[in-house]
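Hello,

Here is the model I promised to pass on. Please have a look at it first; my notes follow below.

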Protein chains: 2
Amino acid sequence: MYKPITIKDIARALAISPSTVSRALSDSYEINEVTKKRILDYAEAHKYKRNPIASSLRHGRSYSIGVVVCEVANSFFSQAINGIESVAYAKGYHVIISQSHDAYEREVMNIEHLASRSVDGLLISMSAETTDFSHIVDLHGRGLPFVFFDRIINEFETHTVTVNNREGARKATQSLIDKGFRHIVHLANAPHLSITAERLEGFKDALRDNQLPYSDSLVRYCHHGGRIQEEIEDAVAYYANLDQKVDAIFVASDRLSMGCIQAYHQLQPVAQHPAIAGFSNSDSLNMLQPDFTCVRQPAFEMGRAATEKLIQLIESRYPVYHFENIVLETEIITH
Amino acid sequence: MYKPITIKDIARALAISPSTVSRALSDSYEINEVTKKRILDYAEAHKYKRNPIASSLRHGRSYSIGVVVCEVANSFFSQAINGIESVAYAKGYHVIISQSHDAYEREVMNIEHLASRSVDGLLISMSAETTDFSHIVDLHGRGLPFVFFDRIINEFETHTVTVNNREGARKATQSLIDKGFRHIVHLANAPHLSITAERLEGFKDALRDNQLPYSDSLVRYCHHGGRIQEEIEDAVAYYANLDQKVDAIFVASDRLSMGCIQAYHQLQPVAQHPAIAGFSNSDSLNMLQPDFTCVRQPAFEMGRAATEKLIQLIESRYPVYHFENIVLETEIITH
DNA sequence: TAAATCTACGCAATCGATCCCGGCAACGAT
DNA sequence: ATCGTTGCCGGGATCGATTGCGTAGATTTA
């Protein structure tokens, strides 16, 4: 069995105390340059690697942060994760990703798991199903720092990172209007998500700006965020049965867009499909559906910002009372 | 600052020794049922959570496994990760995912990072760029268990989990032939990947089976796995310049398929695009490109199998000398 | 009744790194 | 000559959980 070399081994080998070795390795000014060099050389020659577990125990910190998202197989989140990693690694933190699959139980389980002191903080984007926030209350009570991004909750005092969903939604809807469509409906995400309400407002804004009538009957919600194709098909069937022929749809996410396009494929020839615009960070959607107008979120930047804020919280020596709600702007890609 | 309750706290509160508490919590037979119940009740009432870090230090194990893939924003890998998680969580392991982005340096860095004793074992799918395996040799020398999946290396004595790439490639190519195409080329991944060679063989098999001529000029490699769109465009341009008009392409991965479709979109009207078939686990590709014939890998199962093998290695009390090369079958989806 | 066996628990060391206290020597200052 | 500094370094406790060993007291056996 392989046994890694420890500080004590070095100390014994060089006939000095472990304290000195530890200090030399952390480049303490208290250690003579000569001694330091001897230690460092020996350490390098024998491939000494600090045991992060022991170090964590001593410091009461794990130098890792947990990420809770609905799924990684999603352009937005995978880009956000890249942003998270870029900051985290630069600051010496591990990133532990966990997926809720938009299921409440899994979200609770994952947060519980991560929070039981194996991470120093959490980056959370709420699951679509979650309406009960007691697990988050728990976190708060436990004093574990966390930052929300994308799908946030406003009930908690902490940093949040989002985009201007309302304006993004307005722009997307406006682009459909600009193309001449007048009977525009909205395929929305789960109703309790923060982003859902905001995007709906933007949709209404655009209609109002153009003196188009709004009615709740224009909106269909997908309670599982499109995870169940049936809910999308139901929505599409509903649209098909409206008195007014739907000529365009503003869709809240790329998963929904994907499902929506597929549903229409099964239903009718492409020529009859309504136009679609919506939030999406998927390159492939654009690639394969060239006329698809989409609202891009600065996912990477959001990940970066959220992580910076989280690490700030983690490393803060004093309790933080001032929290920021960072709102970034979206970019619209039209064709 | 929040301070979690420890075993010592419980011991002090109940006026017993920490050892007893520890043993009670791990349900030792040496502890009286009455005492045990007192301790368990107190622990639950005060929400005691075992400190995994201290536990890890003591056991020399971290109960976490590292996953090194090129990227999570990839249907195959995200499905594989779901499989990995399902097994890992069930057996009490954390999963730490890291992405190489198909870059050699990042792969080395990530493996180094994970291996420095913060994980008990690694699940690795090689980066497209990697040709130097010394960092893996290092792992081996260090005695850290690892299992390869998908993109494997045969130079090492360990378990591997793959699919029958050759047969999958043959089937995909055959499906193109069945549709009447005769001038079929192959858009391949990075040449040093195990999957690349195997899929090429399958491609050749199909041509041979049908008395179609094979030549190396039919194959274009993407050294960065399609990460750089330009390399795909070059390949497509190359195909366009062949004497024989290319009427179908067998593509090695969904990322490449995506890029390929996009490249053709820029080049010529859809009607003139060659047919495409290839390896892909992407639902969206299928959704949006309904005539796309694809070879599905049992990604979830591969993740499961690899993780089970890895945990077996980790938990084995004796050195393991017998290694398995698990090969699963692919499924072809034609239209 | 004495000895052997159990039951149930405590003591103290351990995992590796870190850090609070000191301590000692050398040197300049008074 | 004595005191105060400064530079360098060691001892030992600590983080929290775990465990080999030991043992008091109860119970059983010879």
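How many nonpolar, polar and charged residues does the surface near DNA strand D have? There are nine nonpolar, 11 polar and six charged residues, where Ala, Val, Leu, Ile, Met, Phe, Trp, Tyr, Cys and Pro count as nonpolar, Asp, Glu, Lys and Arg as charged, and the others, Gly among them, as polar.

A word on conventions: this is a predicted model, in which local features need pLDDT of at least 70 and side-chain atom pairs count only at pLDDT 80 or more, while totals for chains, interfaces and linings use all residues. Residues are numbered from 1 along each chain as its sequence is written, and chains are lettered from A and ligands numbered from 1 in the order in which they are written.

**The DNA**

Around DNA strand D there are 26 residues, and A:T20, A:N32, B:T6, B:I7 and B:S19 come nearest (near: the C-beta atom, placed from the backbone, lies within 6 Å of the strand). The biggest contributor here is α2(B), with five residues; helices (H or I, at least four residues) and strands (E, at least two) are DSSP runs, numbered from the N terminus.

DNA strand C has 25 residues around it, of which A:I7, A:S19, B:S19, B:T20 and B:N32 come nearest. Two or more residues each come from α1 (7-14), α2 (18-25) and α4 (52-59) of chain A, and from α2 (18-25) and α4 (52-59) of chain B. By class, this surface divides into nine nonpolar, 11 polar and five charged residues.

**Between the chains**

In chain A, 34 residues are in contact with 34 residues of chain B (C-beta atoms, placed from the backbone, within 7 Å). On the chain A side, α4(A) gives the largest share, five residues. That side has 18 nonpolar, 13 polar and three charged residues.

**The sheet in chain A**

Six strands form an open sheet in the order β2-β1-β3-β4-β5-β11, with parallel pairing (at least two DSSP bridges between two strands). Because β2 and β11 (325-328) of chain A stand at the edges with a single partner strand each, one side of each has no neighbour in the sheet. On average, neighbouring strands are turned by 15° against each other, direction ignored (axes are lines fitted to C-alpha atoms, for helices over the stretch in contact, and angles run from 0 to 180 degrees between N-to-C directions).

Helix α6 (residues 104-115) of chain A packs on this sheet, touching β1 (64-69), β2 and β3 (121-124), and its direction makes about 180° with that of β1(A).

Best wishes

Notes: Contact = placed C-beta atoms within 7 Å.
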